[in-house]
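Here is a short briefing for a reader new to this structure.

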Amino acid sequence: MTFKEMILQGIPDQLPSKKSRDDKYSHAPKRKDILTPTEKKLAIANALRYFPASWHAVLIEEFVEELKLYGRIYMYRFMPDYEMYARPIHEYPAVSKQAAAIMLMIQNNLDPAVAQHPQELITYGGNGAVFQNWAQYLITMKYLAQITDEQTLHMYSGHPMGIFPSSIEAPRVVVTNGMMIPNYSKPEDWERYNAMGVTQYGQMTAGSYMYIGPQGIVHGTTITVMNAFRKKLDAGVSPNGKIFLTAGLGGMSGAQPKAGNIAGCITVCAEVNSAAAKKRYAQGWVDQLTENIDELIVMVKNAVANKAVVSIAYIGNVIDVWERFDKENITVDLGSDQTSLHNPWAGGYYPVGLSFEEANEMMANHPEQFKTAVQVSLRRHAEVINKHTAKGTYFFDYGNAFLLEASRAGGAVMSENKIDFRYPSYVQDILGPMCFDYGFGPFRWVCTSGTDADLRLTDQIAATVLESMLVNAPASIAQQLQDNITWIKEAEKNKLVVGSKARILYADAEGRAKIASAFNDAIAKGDITAPIVIGRDHHDVSGTDSPYRETSNIYDGSKFTADMSIHNVIGDSFRGATWVSIHNGGGVGWGEVSNGGFGLVLDGTAASKTKLESMLFYDVNNGIARRAWARNSGSLEAIEREMKRSPNLTVTMPNLVDENLLKHIQ
Ligand SMILES: NC(=O)c1ccc[n+]([C@@H]2O[C@H](COP(=O)([O-])OP(=O)(O)OC[C@H]3O[C@@H](n4cnc5c(N)ncnc54)[C@H](O)[C@@H]3O)[C@@H](O)[C@H]2O)c1
């Protein structure tokens, strides 16, 4: 059978032969055995409903076994026989071009070169699922092949509920992931209901088909490091020869050295797991590697003396580096940490004084002792960071719960009011006030032709648009524009593509719409040879309500509400999005965040132009309006500017209160 025939078949007519999972891939860890016997029966019955009754006797044993071995039913038998990757759009069997583009995006999210646990349909972040099982994948792809431009496919946490009649203006796909009744949104609930096969953790760009490999993380980290240096250094001082000290060379953290190189500093990144460090070194994501701390000191001193731009991985514990740098009086200009402290007791953070192997042994066999070792370590970690910050280091939390866990362990990280942390998070200090409040966020696109030529042309178009905007840009956003011009001009040289031909940059509402519009014109002229998908990470101005991350710089008390992300998805859906998605959970955990996103297929038509203008305008300005109402100064300026530019926009503006008037209130 050809690829097209296999897609059109959906669930095969004949029961395929049994398949086992392939050891060459990384696999999801065994999940908790959480279901009661009654719930297990339900999980099996739920899985069997995808298949004809005549297969049930065979499949039942297999699914019971999967549930026992892995804690989930992935239906490995139904993994497709064709290769999984984003094909050029014309290779997909589809009635609707829009649906074909979505098929491409789904296959990219499951491509073994891109996905973390491809056979468990997990794209990134450990739990970030595109589907719960292979039956859902097969049916969804078949539906997308069938769907017309007057129908909409509704996806319930990976399950294709059905194709419903709609209209040409409506989204082709509406996705929800992990939406729960709020009282049933604890981590245990995810374990239970995911094991039952009725919900899934969509992360952000996993369950919304918008993941583009590590490029997104590299860009976000670069922007963060560049802006952190600006906070620390006097205007005009270059980061060359200045030190950024951090930890972690794992999934996301592995982007730090590359980002440091692009930002132009010396990056020192400690990683306890030598396999992780060597992998990043072999991939060229970090320039130098050493296991010897004395050698590290020599390398760093040389780099400082030569004002070098270099990244150095140290195989060992980050606390040893902080302490040794303190002893040697090496100035750390910028400090952060990307160990996985959202998961402190199960391998996210390794205590100082133990080798990687010793720590793993203790974790498995003496978990209480391990927990104590982590807490002791966190206190020491906080103490040495405090010594450096007293000497002038600018330290920020990288959304990895470092400050939260250090405070829980009794580390000296609280400020005098005993409510706030002594150090800011990267969103509070950097991405929030410098980017999100002005509408700058992770706009991305994918060239569905799959050609380098199209991607190159889009890079050039985007650079030209941003350069033209820079001419009359207000001072408050000129730097962001310039950073993204530099980024896009060097993007091809930096070899960032893994999987689909994708690109990312940060732009505001005006920039996003102008770039998308210029792409649409180039498609109409035939300069770009196939449609372009535009979208974004949910980690953005408007898409995400997350009180300790994306909306942590909202100070009017509303950061625990989720109205913004819900409005975003509803608003985008009737303004032209090709698909929309809304998720519970994301980088910070189930029940902790609500995040939404979209995809929009540009095909060079006038209809595409209308849609992109209307949808992108709302997609960004919804968040700026909310941030302005929360009295964020950057957003007050940005939304005033937008109202002048757009007579149809009226946003309710806050009246600011003189703080002195509030002083007497007890
Ligand atoms: N990069 C971003 O844009 C971003 C944004 C928000 C949050 N985060 C957070 O950053 C954290 C890291 O994410 P990840 O995907 O890289 O996780 P990961 O688990 O893949 O990598 C973390 C690495 O830290 C290493 N490590 C742990 N303790 C150490 C220690 N004491 N010294 C040296 N190395 C140590 C581990 O061996 C591991 O390789 C997560 O908590 C994530 O939520 C990242």
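Arg444 stands opposite Ile504 in β13. This is a predicted model, in which local features need pLDDT of at least 70 and side-chain atom pairs count only at pLDDT 80 or more, while totals for chains, interfaces and linings use all residues. Residues are numbered from 1 along each chain as its sequence is written, and side-chain values use heavy atoms, with hydrogens and water left out.

- Strand β12 covers residues 441-447, and seven of its seven residues are buried. Buried means under 20% relative accessible area, exposed over 50%, and partly exposed in between, with a 1.4 Å probe and protein chains only.
- Strands are DSSP runs of E with at least two residues, helices are runs of H or I with at least four, and both are numbered from the N terminus.
- β12 runs antiparallel to strand β13 (residues 502-507), and six bridges join them. Two strands pair if DSSP finds at least two bridges between them.
- β12 also pairs with strand β14 (residues 532-536), in the antiparallel sense, over five bridges.
- Trp445 has Ile534 as its bridge partner in β14.

**Nonpolar cores**

- The largest nonpolar core has 142 residues; Phe51, Ile106, Tyr137, Trp445, Leu505 and Ile534 touch the most other members.
- Helix α4 (residues 97-110) gives the most to this core, with nine residues.
- Another core, of 45 residues, lies apart from it and includes Ala303, Phe370, Leu403 and Ala409.
- A nonpolar core is a set of buried Ala, Val, Leu, Ile, Met, Phe, Trp, Tyr and Cys residues joined through side-chain atoms within 4.5 Å.

**A loop proline**

- Pro118 is in the loop between α4 and β1 (122-124).
- Pro118 counts as buried because its relative accessibility is 6%.
- The C-alpha atoms of Pro118 and His27 are separated by 7.6 Å, though the two residues are 91 residues apart along the chain.

**The ligand**

- There are 25 residues around the ligand, and Gly251, Ser253, Glu271, Ser340 and His342 come nearest. To be near, a residue needs a heavy atom within 4 Å.
- An N or O atom in the side chain of Ser340 is 2.7 Å from an oxygen atom of the ligand.

Note on methods. A polar contact is a pair of N or O atoms within 3.5 Å; within protein, one must be able to donate a hydrogen and the other to accept it, and residues adjacent in sequence count only if both atoms are side-chain atoms.
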